[in-house]
Amino acid sequence: MTLSECIADAKKKGVAIGHFNISDSEGFKAVVEAAKELGVPVIIGVSEGEREFIGLAEIVSLVKVARGNGLPVFINADHTYSVERAKAAIDAGVDSVIIDGAAKSFEENVAMTKKVVDYAEGRALNTNSQGPALVEGELGFIGTSSKVLEEIPAGVAKTNPDEAAEFVKQTGIDLFAPSVGNIHGIVKAGEPDLDIELIKKLEQISEVPLVLHGGSGISDEDFRLAIAAGIRIIHINTELRLAYKAGIEEGIKSGEIAPYKFMQEAVKSMKEVVIERLKLFNNL
Ligand SMILES: [Zn+2]
């Protein structure tokens, strides 16, 4: 199945696909093993920083190998802040790319997003590929860092439904990431509740699948309600990073010097997070 088909299938089943950010092969291993164990599709996400570390071509080929082995694993070029970088990701063969103009004006955001949509379609025509890479656009600022924050970052603003409808229409995006009370990172002072009514409204007017960013720190109950309201992809990063670091610290304590031994603890703790999240998102 293609990513579009998996999303359509998730809609039919009333579930969401988990999207997990990784920086290296340990993260990849943890996410893929978890998805394989549960028999569900999964999306690997790489931000600009993450893809620079692991290598864009390298992670695309790892995902293709996994898919060749029959696993529904997809690769998304997460938050991409320039048209050039988004084009490079499409050229590298990602399944989807996020062009992030959420901090820009509405007009600038539309213009840069539309350029990437056109490029993805043009490239698919020229290369006769299966289908264009899906393009995700964002409207409404939710912060930028996947870390533990003291408080809600400045400038966070919920998506306006009328603007959202205009944005989807003018850009032709395949996936839409709104701001509905979700925040990138984990907020120490407490996360806002998700605006479930806003999700429902956006689901009705946007006509493309909705993606929930900043999943770390959201309650299980809010996740269930958000999925029922129409969220089809959920991003998790910060809690995976925390689990990874704690796992490495644990592994180092063992005194082992073989990486494949002391890193096992790190893979294990990431995998546990991914399994819990996938069970929740897939209603298992
Ligand atoms: Zn995000």
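E138 counts as buried because 25 C-beta neighbours lie inside 10 Å, where buried stands for 20 or more other C-beta atoms within 10 Å of a residue's own, exposed for 12 or fewer and partly exposed for anything in between, with C-beta atoms placed from the backbone. The model is a predicted one, in which local features need pLDDT of at least 70 and side-chain atom pairs count only at pLDDT 80 or more, while totals for chains, interfaces and linings use all residues. Residues are numbered from 1 along each chain as its sequence is written.

E138 lies in strand 5, and helices (H or I, at least four residues) and strands (E, at least two) are DSSP runs, numbered from the N terminus. An unreviewed UniProt entry lists D100 and E138 under "binding site"; such annotations may be inferred rather than shown by experiment. The two span 39 residues in sequence, yet no two of their C-alpha atoms are more than 5.8 Å apart, so they gather at one spot. D100 is found in the loop between strand 4 and helix 6 (106–127), and D100 is also buried, with 25 other C-beta atoms within 10 Å. Leaving aside residues up to four places away in sequence, D100 touches H79, T80, Y81 and E138, where contact requires C-beta atoms, placed from the backbone, to lie within 7 Å. With the same exclusion, E138 touches I98, D100, G101, A102 and A177.

The strands around this spot can be followed next. Strand 4 (residues 96–99) directs S96 and I98 one way and V97 and I99 the other way, and all are buried. Strand 4 pairs in the parallel sense with strand 3 (residues 73–80) over three bridges, pairing being assigned if DSSP finds at least two bridges between two strands, and T80 stands opposite I99. Four bridges join strand 4 to strand 5 (residues 134–139), again in parallel, and the partner of I99 there is G137. Strand 3, helix 5 (residues 83–92) and strand 4 make a right-handed β-α-β unit, meaning that, with the strands pointing away from the viewer, the path from the first strand over the helix to the second runs clockwise.

Note on methods:
Contact = placed C-beta atoms within 7 Å.
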